[in-house]
Amino acid sequence: MPVVLVVALGGVLGASVRWGIADWADHISPGHVFPWATLIVNVVGSAAIALAARRWVTSGRMWAFVVTGVLGGFTTFSAFTVDVVMLLDDGRSALALTYLASTLLVGYGAHEVARTT
């Protein structure tokens, strides 16, 4: 199977799980009060990518499927950016800055914890 199909299959899986988490978060916290889903997927994704980088060679089909495909489809920088802009546009600058900082700090923390385990 060509590597591009391996990545595509992983991307379908990762994006589908991300959508499921976003759907769940909308039921838990309706009205987009805080972008919990994006925070969750990006922090979990940071940790998962760190674990993968520690255990696998960064080439080959396993890396292409799991990291580029599944985790690339699962994590999202673009939604993170949109969430920050939406919070700013809504006049919630303190929450936007809290979200921005918490995503970066907790994501980095998750990455470091996973990397050192």
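Me: Which residues make up the largest nonpolar core?

Reply: A nonpolar core is a set of buried Ala, Val, Leu, Ile, Met, Phe, Trp, Tyr and Cys residues joined through side-chain atoms within 4.5 Å. Buried means under 20% relative accessible area, exposed over 50%, and partly exposed in between, with a 1.4 Å probe and protein chains only. Here the largest core has 12 residues: F34, L39, V43, A47, A50, F80, V84, L87, A96, Y99, A110 and A114. The elements that each give two or more residues to this core are α2, α4 and α5. Another core, of 10 residues, lies apart from it and includes A25, V41, V67 and F74.

This is a predicted model, in which local features need pLDDT of at least 70 and side-chain atom pairs count only at pLDDT 80 or more, while totals for chains, interfaces and linings use all residues. Residues are numbered from 1 along each chain as its sequence is written, and side-chain values use heavy atoms, with hydrogens and water left out.

Me: What does A47 contact, its neighbours within four places in sequence aside?

Reply: Contact means heavy atoms within 4.5 Å. With those neighbours left aside, A47 touches A110, H111 and A114. Of the contacts in the protein with a separation of 6 or more, 71% are between residues 24 or more positions apart.

Me: How many helices and strands does the protein have?

Reply: Both are DSSP runs numbered from the N terminus: helices are H or I with at least four residues, strands E with at least two. The protein has five helices and zero strands, in the order α-α-α-α-α. Its C-alpha atoms fill a box of roughly 50 × 30 × 20 Å along the principal axes. Of its 117 residues, 34% are buried.

Me: Which residues of α3 are buried, and what covers them?

Reply: In α3 (residues 61-74) the buried positions are W63, A64, V66, V67, G69, V70, L71, G73 and F74. Their cover includes α1 (3-28) and α2 (36-55).

Me: What lines the largest pocket?

Reply: On a 1 Å grid over the protein atoms alone, a pocket is an open set of points with protein on both sides within 12 Å along at least five of seven lines, and lining residues have an atom within 4 Å of a point. Here 17 residues line the largest pocket, with A22, D26, H32, A37 and T38 nearest its centre. α1, α2 and α4 (77-89) are the elements that give two or more residues to the lining. The largest share, six residues, comes from α1.

Me: Where does S102 sit, and what does its side chain reach?

Reply: S102 belongs to helix α5. Its side chain comes to 3.1 Å from the backbone oxygen of Y99. Beyond neighbours within four places in sequence, S102 contacts F34, L39 and G107.

Me: Is T117 buried or exposed?

Reply: T117 counts as exposed because its relative accessibility is 51%. T117 is in the segment after α5 (93-116). A polar atom of the T117 side chain lies 3.2 Å from the backbone oxygen of V113. Leaving aside neighbours within four places in sequence, T117 is in contact with L51, R54 and R55. D90 is 27 residues from T117 along the chain, and their C-alpha atoms are separated by 40 Å.

Technical notes:
Polar contact = N/O pair within 3.5 Å; in protein donor to acceptor, adjacent residues only side chain to side chain. 1 Å grid on protein atoms, 1.4 Å probe; cavity = no way out; pocket = protein on both sides within 12 Å on 5 of 7 lines; lining within 4 Å.
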